[in-house]
Amino acid sequence: MTAQYRPYRNEDGMEAEQVTWGDQEVGDVEIYQRTTEDIRVCNRSHVVGGIGIGLIGALLGLIVGYFAHSEHSQCVPSLSVALHSVQEANPYVRRKISQMVSNEEIEKFIKAYSLEPHVAGSSIDRHFAKNIKSEWLKHGIDSVEIAEYNVLLSYPDKERTNVVKIVNQNSDILSIESQGGKILNAAFSAYSRAGNVTGNLLYVNYGQTSDFQYLKSLGIPLEGKIFIARHWKLPADEIVWNAQEVKAAGLILYPDPENYNPPVLKSDPYPKTWWLPPNIARTDSILWNGAGDPLTPGYPARHDANRLSVSSATLPVVIVQPISYGNAFKLLSSLEGPEAPKEWQGGFNFTYKIGPSFKDPSWKVQMQVYNQLMNKTIYNVVGTIRGKTEPDRYVIIGGHRDAWAYGAVDGAGGTAAILELSRVYGRLLKEGWRPRRTIMFCSWGAEEHNLIGSTEWLEDNLKLLHGRAVAYVNADILVAGNASIRVVASPLLYNTIFNATKEVMNPNEHDRAEGLRTVYDAWLMSFPNKRNRTNLLFPNYSHSSVIDDFDDLPVKTVHNQSSLLDSYIRNAMQLVRPKIREMDMRGNYAPFFVHAGIPAVDVSYVHDSTMSSSSYPLHHTEFDNFDFVKNFIDPSFKYHATVTKILGELLRDLSDSLFLPFNLLDYAQTLQDFYVNLQSKMKAHMEEHGIDINHLELAIKNFSNAALKFHSAQETVDLSDPMTVRRINDQLLLLERAFLDPNGLPRNPYKKHIVMSPSESYLSSSSIFPGLLDEFLNLELFPQDTESSELIKAHFSVLVFTIQSAAKIIQNV
């Protein structure tokens, strides 16, 4: 018995009460349902026919009777399993989720969880964790637990204030103290080494590698200097890393008004606008290596865990302190030395000088930092809705709860979304619905320090999650602007996020009046990704017209534009799609993807596609509070509700679809794109090192063919066999793991995903295999580095082997 498929949709891709069927259009949401099944009936006699009809009627009666009562514990186990295992998802649940998400509830949650400062390890953060557990139990989540970990955290000293000074031999010329309060910590750089250092001040622009190369070209000595850098283009930890590489003695970070309150706008700062006041500094962790707790790398920081000594842990060695741009003005305006180049000039009304001397040559800069390292208990809250059919398959949604101060945008927004979805899904449970797979709701602690809470929980459950985790959905900064959504995702989830955004209405009334009815429409208009047709694997499928020539496909396919395979090819080959950013290390999704090979996705509304979701002026300051959200970010909370609906649909699709909604052709095309970029930019370098790039091309072609054959076979399987459904889903689930290598990237063994982990070069925008990119960039800086030359050869071989192995995962069993 084989099943045929037809697409479930209405004319415009949005759900409606009256569903009509028509020709499938490119861009519409595809939800495939079984239609008719071939049933052989013998016509030799009316008696036999009557018996057959009677048996069918009895079977239908059993099915109706089974689903007519809610308690199945007394049912025959084999029948219960068989019926549930082949049951299609109910697409109408989507509309219920969207209808039940409430702006008012989200507003209430954001206000509650940004009411007080709640840095990781504090009593308030512990109180919030217990509140979340109570909320989830009240909502009807099946079970909730709090997982505790003992980790090394960094705090400013409450008794001694961090200070940046201008001094001479006899006295203090200027003293800049970091201001805090009884419940609010002063701005500091978490994990900065405590100490006292005095030296010459050097302006280093954004602290990029190219900035330091420019200074070297001027013949300016860098070692032993104190640097002052604009904190914008690079995260604080990346600036610190670059400063350490040139042996800086100290680093001062400041938010330049060009980025945080542009003078050209002539705007008042917060609370009149969203721009940063001149007397406010921001707090950031300068430890961000993806390893979680610094004392237990690779293993969970349980209370009985073996720990490294602090002296042997990987911690920053430079003394670092942030200051406000008002105070940075006083330092920079006093500098002498060469004039900074035009692109280094910032938002102050004077010409920036590089230094390292002051106008008074007797002046020096002194930094006094008193940060403390403390072992603290952090709390992860995990709530579970048990799946009815595959309870051992987990769809995880998580977001961090901690904040440097109030964290209304960064932290409370994601917490509110998860709480609201737990409320919505709890109501669905009470109405009798239950997902096919298990859903896990997670509230992480200590994200701001180094993704510690999520990383420790992942390490604690890594072996379990390897064979059970379907995907990780991140809820962090939901809304930092209102231009459109910004998405970071694994290629396996492209299909899912595209479909989810086609189902959620655009919250912008003006956009809707212009015809941009869904979030997908606005996303495509705002941040389009235009692709070169010649680079596509199957260019004939890049347009919506009927295809008569299927000769470019290595597998035979039904000439039917409503087939699963056809729709997957068309969607993966579209010439213009919304831009999805490649994976980075800046959120809780990172350890799940780069270390465990679990497909991950992060969604947020932003004001600029070129910047991260955290690029808003008051980020990591005391003014990231509820009033800021209410007055400037999202007054009606409609954008928060929109992202919550998208996350809710992602959860529904991943947890309740009969087949996991992974389009393998998106991955095949991503591999092809990486290969094309590698060939165009580095083929000559590869040949210089004796590497035959054709081996990689063949591996990608084998993977692409395997993906086509997989989806072709998927739409003709016997759906009455639950083991067949399970086998296909297991192949889909394990594919991302196939791209892991136990040794990781050559320059970062923690990044096990060697195909799509982010490059070690933070500003690299090249879509190229990260291990190869890192080594070639290193060779550009150090042409005589023979180690990189050997690493390129070795890593290329591992890369080809890994892609070939991934192709075997999806081959027919």
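Me: In the open sheet of 4 strands, which strands stand at the edges?
Reply: Happy to start there: this is a predicted model, where local features need pLDDT of at least 70, side-chain atom pairs count only at pLDDT 80 or more, and totals for chains, interfaces and linings use all residues. Residues are numbered from 1 along each chain as its sequence is written, and side-chain values use heavy atoms, leaving out hydrogens and water. The order is β8-β9-β10-β12 with parallel pairing, where strands (E, at least two residues) and helices (H or I, at least four) are DSSP runs numbered from the N terminus, and two strands pair if DSSP finds at least two bridges between them. One side of each edge strand has no neighbour in the sheet because each has a single partner strand, and these are β8 (201–203) and β12 (319–322).

Me: And which residue is the bridge partner of Gly250 in β12?
Reply: Strand β10 (residues 250–254) runs parallel to β12, and 4 bridges join them. Within β12, Gly250 is partnered by Ile319.

Me: What angle does the direction of helix α9 make with that of β10?
Reply: Helix α9 (residues 325–332) packs on this sheet and touches β8, β9 (226–230) and β10, contact meaning heavy atoms within 4.5 Å. Axes are lines fitted to C-alpha atoms, for helices over the stretch in contact, and angles run from 0 to 180 degrees between N-to-C directions. For α9 and β10 the angle is about 125 degrees.

Me: Now the sheet of 7 strands: which residue of β17 is the bridge partner of Val395?
Reply: This open sheet has mixed pairing and the order β3-β14-β16-β15-β17-β21-β18. Its edge strands, β3 (143–155) and β18 (484–489), each pair on one side only. Between β15 and β17 (residues 469–474), which run parallel, there are 5 bridges. In β17, Val395 is partnered by Ala471.

Me: Is Arg393 buried or exposed?
Reply: Arg393 sits in strand β15 (residues 390–400). Its contacts, not counting residues up to four places away in sequence, include Arg437, Arg468, Arg726 and Asp730. Buried means under 20% relative accessible area, exposed over 50% and partly exposed in between (1.4 Å probe, protein chains only). At 8%, Arg393 is buried.

Me: Why do the buried residues of α4 line one face of the helix?
Reply: In helix α4 (residues 103–112), the buried residues are Ile106, Phe109 and Ile110. Their cover includes α5 (123–139), α10 (408–430), α19 (626–633) and α20 (638–656). The arc is that of the directions from the helix axis to the C-beta atoms. Down the axis of α4, the buried residues line one face because they fall within an arc of 100 degrees.

Me: How far apart are the axes of α5 and α10?
Reply: On the α5 side, the contact includes Ile132 and Trp136, and on the α10 side Ile418 and Leu419. The packing angle is about 25 degrees, and the axes are 8 Å apart.

Me: Last one: how many charged residues are in the contact of α14 with α16?
Reply: The axes of α14 (residues 494–502) and α16 (residues 519–526) come within 6 Å and cross at roughly 115 degrees. Among the contact residues are Phe498 and Lys502 of α14 and Trp523 of α16. Ala, Val, Leu, Ile, Met, Phe, Trp, Tyr, Cys and Pro count as nonpolar, Asp, Glu, Lys and Arg as charged, and the others, Gly among them, as polar. The contact has 5 nonpolar, 1 polar and, for the class you asked about, 1 charged.
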